[in-house]
Amino acid sequence: MTVNENEAPMIDIRNVSKWYGSFQVLKNCSTSVRKGEVVVVCGPSGSGKSTLIKTVNGLEPVQQGTILVNGVEVTNPKTNLTRLRSHVGMVFQHFELFPHLSIRENLVLAQMKVLKRNREEATKKGLALLDRVGLLKQAEKYPGQLSGGQQQRVAIARALAMDPICMLFDEPTSALDPEMINEVLDVMVELAQEGMTMMVVTHEMGFARKVADRVIFVEGGEILEDSPKDEFFEHPKSERTQHFLSKILSH
Amino acid sequence: MTVNENEAPMIDIRNVSKWYGSFQVLKNCSTSVRKGEVVVVCGPSGSGKSTLIKTVNGLEPVQQGTILVNGVEVTNPKTNLTRLRSHVGMVFQHFELFPHLSIRENLVLAQMKVLKRNREEATKKGLALLDRVGLLKQAEKYPGQLSGGQQQRVAIARALAMDPICMLFDEPTSALDPEMINEVLDVMVELAQEGMTMMVVTHEMGFARKVADRVIFVEGGEILEDSPKDEFFEHPKSERTQHFLSKILSH
Amino acid sequence: MGFEMDWSTLFAISDLSDTPWWQYMLGGAGITLALTFSAGLLALVVGTLVGIIRTVPNRALNFIGEAWVELFRNVPLLVQLFLWFFVVPEFIPPLKAWMISTDPLYGEFFCAWIGLGLFTSVRVAENVKSGIKTIPRGQLFAAYALGLSTPQAYRYVLLPLAFRITLPPLNSEAMNLMKNTATSLTIGLADLTLRSHEMGEMTFQFFVAFCFATVVYIIISLVINRSMTTLEKAVAIPGLIRR
Amino acid sequence: MDFSSITGSTSFLLQGAAYTFELTATSAIGAIILGTFLALGKMAKSRVLSLLCSGYINLMRAVPLVLILFWFFFLVPVFIAWFTGSPIPVPVGPEKTALITFILFEAAYYAEIIRAGIQSISRGQLYASSALGLSFGQTMRYVILPQAFRNMGPVLLTQTIVLFQDTSLVYVLSATDFMGAVSKIAQRDSQLTLMYCFAAVCYFVVSFTLSTGVKQMQKKLAIIR
Amino acid sequence: APALDGTLKKAKDTGIFTIGYRDASVPFSYLDAKGKSIGYGNEICKNIAAAVEKKVGRKLTIKWQPITSGNRIPLLLNGTYDVECGSTTNSKERQKLVDFGTTYFAVGVTAAVKKNSGIKSFKDLNNKNVSTTAGTTSVTLLKDLRKKGINTRVVPAKDHAEAFQLLAQNRVVANVMDDILLAGQIANSQTPAAYTLLNETISEEPYAPMLRKDPQFKALVDATVTGMIKSGQMKKLYDTWFTKPIAPHNVNLNFPMNAPTKAAFAHPNSNGI
Ligand SMILES: Nc1ncnc2c1ncn2[C@@H]1O[C@H](COP(=O)(O)OP(=O)(O)OP(=O)(O)O)[C@@H](O)[C@H]1O
Ligand SMILES: Nc1ncnc2c1ncn2[C@@H]1O[C@H](COP(=O)(O)OP(=O)(O)OP(=O)(O)O)[C@@H](O)[C@H]1O
Ligand SMILES: [Mg+2]
Ligand SMILES: [Mg+2]
């Protein structure tokens with residue numbers, strides 16, 4: 001993937017700090033994701049990865065620092081967050097499909113209510129994306145009737161239906177049975193190869209090796225390492241990163 | 001691990017079938033585990049692995065077939081299951097420590113109530129095992145205060161405190177964060193190397209490669225493959241096994 | 001002992017209504033039913049609103065919701081009904097004027113309706129609130145991430161789910177409400193319990209009267225329970241195991 | 001305003017309040033014990049026992065408390081007479097009748113709470129206890145019930161607050177609980193408004209204090225979990 | 001003497017005699033400031049208890065049982081208490097189930113109204129809201145008034161005080177009840193001068209001790225009450241409770257003996273209506 005170094009970054013996180021009460025979850029974090037870039041975020045459990053990625057579209061407010069998405073200031077209270085979010089796709093660990101709506105309705109709801117598309121147009125778009133993730137046949141089923149891997153693919157299609165300018169993934173495969181992980185990763189790899197800007201929290205180092213441009217390592221709310229993929233795997237800077245990689249890659 | 005082929009098997013499962021209502025979960029399953037042997041059971045989600053392993057100590061009754069553990073017929077209604085179970089250690093996916101008891105009390109309860117050991121003796125035994133899994137310092141904490149990996153190590157110690165003749169594991173690492181998987185696998189590897197008879201449901205193929213004597217592949221309630229480890233990984237017999245392995249081992 | 005049961009008394013003409021006692025008591029059951037439905041509706045509307053404002057991120061609204069719940073939860077229904085009947089009209093002259101001018105039955109019914117409805121609204125609010133709270137936060141995040149606004153997220157995601165979660169507890173609340181209507185006998189509303197009591201007092205056939213009332217209550221309970229369960233089934237989400 | 005009806009009758013009111021608390025406490029304890037057995041009975045493998053228990057629970061939950069109070073008021077003396085072989089009904093007085101009624105009535109509600117509490121403990125805990133060789137009784141005694149009662153604590157207390165308010169209904173039997181005392185003074189002195197407002201304030205203060213306590217308890221439990 | 005049976009035998013066997021009392025039937029049976037039951041009827045009951053003691057020849061424990069208009073008959077029947085002297089009308093209907101002793105008071109059923117309401121007779125109550133106490137004979141009497149073309153809309157209240165409260169708050173124009181009970185409510189109200197009783201009754205009813213069907217016991221009760229009337233003890237008792245200030249607030253009911261009561265005392269009887 002070629003990245004234009006001079007362009008303004010798609011996601012720009014500058015000196016962000018966040019507290020839950022007196023507990024500091026994010027400590028002066030800064031990083032950025034350029035258009036078309038794929039950035040993988042990893043780190044131990046509870047290190048603040050989910051919190052970090054949720055601050056990007058304002059799902060979690062921050063107390064200090066600035067975050068810009070496509071030039072729009074997420075951290076400015078005056079920003080219309082609802083509007084911004086409709087352009088930023090997000091996929092969660094537990095899929096979070098709406099269980100009371102059929103797959104088709106899941107894909108159509110936000111298109112109609114947020115983008116004000118009419119039902120026909122929205123359905124057409126939704127079904128096309130469903131086809132793309134290989135699930136056209138399941139359109140009339142309900143989320144509870146699909147396997148985890150299928151649900152996660154629907155969740156990706158749902159996000160894509162909003163024509164996002166970038167996509168955020170929060171451990172999209174960690175709630176999946178081992179045999180289903182790959183069907184989801186395959187969709188993500190394809191997306192990356194098509195040039196989608198992506199920020200992905202994941203432990204799947206195979207995926208990182210394959211498509212990431214950069215890997216970020218977070219621990220205790222701090223960004224300890226932020227390096228191009230090859231450098232990250234071959235010559236991790238900090239000892240902690242090495243230790244983490246050894247833990248996660250052995251057996 | 002040397003296995004005496006002539007000795008009676010520790011666990012002997014013969015033509016076992018089981019139904020939930022009209023749904024058949026286990027279809028004429030037969031296999032056996034010899035003393036000192038480590039057998040890994042794998043297969044897709046919902047294939048009946050958990051059910052199979054639970055039938056071994058009678059936690060799930062079966063409608064057809066015979067199961068012998070150390071020569072005792074589990075499937076005979078006259079068998080004193082309570083007594084049998086106290087000799088068969090079992091470790092669950094979700095640890096199942098008793099949340100209202102401290103770690104020490106978790107280790108002591110069954111020793112006192114089932115084996116009728118006095119408190120002193122039981123505590124001594126419990127703490128020694130806790131030390132072995134590297135958690136002696138946590139004795140007075142409650143399960144909710146430990147990480148998943150630590151909880152699972154306590155669960156193994158709890159089972160070992162009953163001086164089991166064999167151990168059953170049902171996906172012991174699948175509810176753990178990636179960094180914690182290894183601390184649990186390490187304890188299990190050690191156990192296997194000391195000669196414990198083990199039947200382990202797991203997707204961790206690294207573990208299987210390292211210590212398993214045999215690997216069993218289950219799908220749709222049937223045992224499709226039951227081979228020595230090397231044969232299983234190098235020349236799987238059925239196509240389904242190959243497919244499963246390819247799914248689980250790529251990326 | 002005076003405990004002989006004379007079932008024929010049910011068919012004797014009541015001094016109070018010129019109709020047989022059974023018919024008079026069934027009339028009371030009609031009032032019980034009307035009260036249950038109307039107060040249930042009031043409780044549902046008010047309770048849902050109160051339940052929602054207790055979950056939204058706004059301190060002032062949260063406080064109003066909490067205060068409402070504490071106020072109506074911590075005073076026995078009996079006392080609340082009394083206050084609605086004897087005290088509140090003194091402070092609302094138009095209400096009092098209406099109660100004087102109309103058939104007393106309407107005044108009593110109105111007080112019982114508002115008293116029971118608001119008392120029950122607390123139960124509904126509690127259930128709606130905990131229904132919303134049991135929905136994993138991820139659902140709200142997902143709704144926001146798609147660009148839905150807070151009212152849209154409530155309207156299209158949280159509330160439809162919360163109501164399905166809330167239905168089983170609301171089933172037993174509906175039965176509780178039906179039973180609580182009996183308390184309105186203390187402000188003189190001639191519901192089923194009061195009328196069976198009247199029959200007992202006038203004919204001394206207490207056992208017959210109470211047996212009749214008990215059977216009618218059981219039938220009403222069953223009908224309410226069945227219809228709520230049917231509703232639960234009708235709106236059950238395919239693929240989700242019912243708890 | 002003239003508060004002499006309250007100030008002049010404090011001892012009578014306090015007697016009533018004492019009885020209300022006594023009735024609440026004793027019937028809560030009795031009903032929780034009976035309710036535990038009903039819950040276990042309802043979950044029992046024996047169909048007959050299970051049907052019997054759920055039948056009882058459903059019956060009690062289908063009929064208004066006032067009506068049940070009326071029923072027991074007449075039935076209990078006859079029943080005791082029948083039980084002891086006495087030729088005439090044995091009077092037990094409204095206070096004892098109320099106690100018996102409340103235990104029998106509230107047990108049905110506690111039983112459902114306790115059953116839900118037991119069922120909320122994951123099956124895995126049952127499996128784990130069995131796998132360690134604990135018998136069914138031991139599993140219940142050492143693993144399931146301690147957890148269930150801890151989880152249920154707040155709900156049980158909330159139900160007890162409901163019970164506390166429900167006891168006000170015993171005044172229909174002219175038992176002198178707090179509400180009975182209040183209404184008797186209200187009638188004697190023609191001070192209905194004053195006395196009922198006074199009752200509302202008293203019940204509010206007690207219930208509010210208790211339910212605030214329950215909330216604290218819930219917070220503590222949430223931390224432990 | 002014939003062997004004792006029924007109530008008297010029970011008293012002899014158990015050593016207990018139970019009297020039913022009311023909360024708010026001023027001045028027959030009601031509560032004083034400490035919540036203790038007092039009243040004209042209670043005094044009569046105490047005399048009956050003393051007579052029972054004498055008859056069965058042993059010391060008895062006297063128990064007091066609170067009762068309401070709703071439960072007084074079942075509780076008597078099921079043996080919870082033995083006799084009551086509250087404000088219970090001796091009616092033929094009730095005689096089917098219970099016995100009544102000699103009449104100790106007779107009421108006229110009338111209506112309390114506000115003086116300024118301009119209501120002078122029952123006719124003026126046509127198409128008006130009227131309160132009364134649920135479960136009393138007044139409910140039936142009001143219904144029977146329809147035959148005379150007087151249609152009232154009845155608000156049945158749970159007890160006498162609530163029925164009167166409705167009048168006090170102008171929610172109804174009249175409270176129909178036994179004259180003496182209304183006099184009690186008026187005397188106790190904030191503004192006794194604002195009320196008056198109609199000069200008209202729709203029924204006259206004897207109050208009498210109520211007991212289980214039991215001829216032996218009834219004979220004893222009759223003898224006791226008749227004896228009190230004849231000896232003049234009853235008249236003294238009457239003056240104490242009806243024409244002098246009484247507890248708890250030292251209010252005077254100012255209720256000189258009405259005509260039906262005078263008649264009942266002249267010819268002691270236990271006839272019902
Ligand atoms: N709402 C909250 N209130 C208080 N603390 C919180 C809250 N949400 C998260 N935390 C804490 O903040 C820290 C970071 O949480 P976060 O979910 O971002 O971690 P993570 O790196 O995504 O971990 P995981 O791999 O387990 O998902 C954790 O220690 C967590 O306990
Ligand atoms: N109590 C039950 N009643 C009915 N069906 C059940 C029950 N328990 C399990 N099943 C079904 O039996 C099948 C096998 O279940 P089992 O838990 O043994 O699978 P598994 O191989 O362990 O899967 P996983 O990898 O998800 O743990 C599944 O299809 C499951 O839905
Ligand atoms: Mg996370
Ligand atoms: Mg399993």
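## Two ligand shells and the contacts between chains

A polar side-chain atom of Glu171(B) lies 2.9 Å from an oxygen atom of ligand 2. This is a predicted model, in which local features need pLDDT of at least 70, side-chain atom pairs count only at pLDDT 80 or more, and totals for chains, interfaces and linings use all residues. Residues are numbered from 1 along each chain as its sequence is written, chains are lettered from A and ligands numbered from 1 in the order in which they are written, and side-chain values use heavy atoms, with hydrogens and water left out.

Stay with ligand 2. Tyr20(B) places a polar side-chain atom 3.3 Å from a nitrogen atom of the ligand. Ser47(B) uses its backbone instead: a polar atom there is 3.1 Å from an oxygen atom of ligand 2. Such pairs are polar contacts (N or O atoms within 3.5 Å; within protein, one must be able to donate a hydrogen and the other to accept it, and residues adjacent in sequence count only if both atoms are side-chain atoms). On its own, ligand 2 has 640 Å² of accessible area, and the protein covers 60% of it. Accessible areas come from the Shrake-Rupley method with a 1.4 Å probe; for residues, only the protein chains shown count as cover.

Which residues are around ligand 2? They are Tyr20(B), Phe23(B), Val25(B), Pro44(B), Ser45(B), Gly46(B), Ser47(B), Gly48(B), Lys49(B), Ser50(B), Thr51(B) and Glu171(B). A residue belongs here if one of its heavy atoms lies within 4 Å of the ligand. Strand E2 (23–33) and helix H1 (49–56) of chain B each supply at least two residues of this shell. H1(B) gives the largest share, three residues. Helices (H or I, at least four residues) and strands (E, at least two) are DSSP runs, numbered from the N terminus. By class, the shell has four nonpolar, six polar and two charged residues. Here Ala, Val, Leu, Ile, Met, Phe, Trp, Tyr, Cys and Pro count as nonpolar; Asp, Glu, Lys and Arg are charged; the others, Gly among them, are polar.

Now turn to ligand 1. Its shell lies in chain A and includes Tyr20(A), Lys49(A) and Glu171(A). A polar side-chain atom of Ser50(A) is 2.5 Å from an oxygen atom of ligand 1. Gly46(A) brings a backbone N or O atom to 2.7 Å from a ligand oxygen. For Gly48(A), a polar backbone atom is 2.9 Å from an oxygen atom of ligand 1. Taken alone, ligand 1 exposes 640 Å², and the protein buries 61% of that. Strand E2 (23–33) and helix H1 (49–56) of chain A each give at least two residues to the shell. The largest share, three residues, comes from H1(A).

Next come the chains. Contact means heavy atoms within 4.5 Å. Six pairs of chains touch, and chains C and D have the most contacts among them. There, 36 residues of chain C meet 33 residues of chain D. The size of an interface is often given as the accessible area lost when the parts come together. Chains C and D bury about 3000 Å² between them, 77% of it on carbon and sulfur atoms. Buried area is the accessible area (1.4 Å probe) that two parts lose on being put together, summed over both.

How many salt bridges are there between chain C and chain D? The count is two. A salt bridge is a side-chain nitrogen of Lys or Arg within 4 Å of a carboxyl oxygen of Asp or Glu. Glu70(C) and Lys215(D) form one of them, at 2.8 Å from N to O. On the side of chain C that touches chain D, the elements giving at least two residues include helix H2 (59–73) and helix H9 (206–235). H9(C) supplies the largest share, nine residues. That side has 22 nonpolar, ten polar and four charged residues.

Chain D itself has nine helices and zero strands. Its C-alpha trace spans about 70 × 55 × 25 Å along its principal axes.

Chain C also meets chain A. This contact takes 21 residues from chain C and 25 residues from chain A. The two bury about 2000 Å² between them, 70% of it on carbon and sulfur atoms. Zero salt bridges are found across this interface. Five residue pairs, both at pLDDT 80 or more, are in polar contact. Helix H6 (137–145) and helix H7 (150–180) of chain C are the elements that give two or more residues to the side of chain C that touches chain A. H6(C) provides the largest share, seven residues.

Other pairs stay apart. No contact joins chain B and chain C, whose closest C-alpha atoms lie 16 Å apart. Chain A and chain E have no contact either, with their closest C-alpha atoms 50 Å apart.
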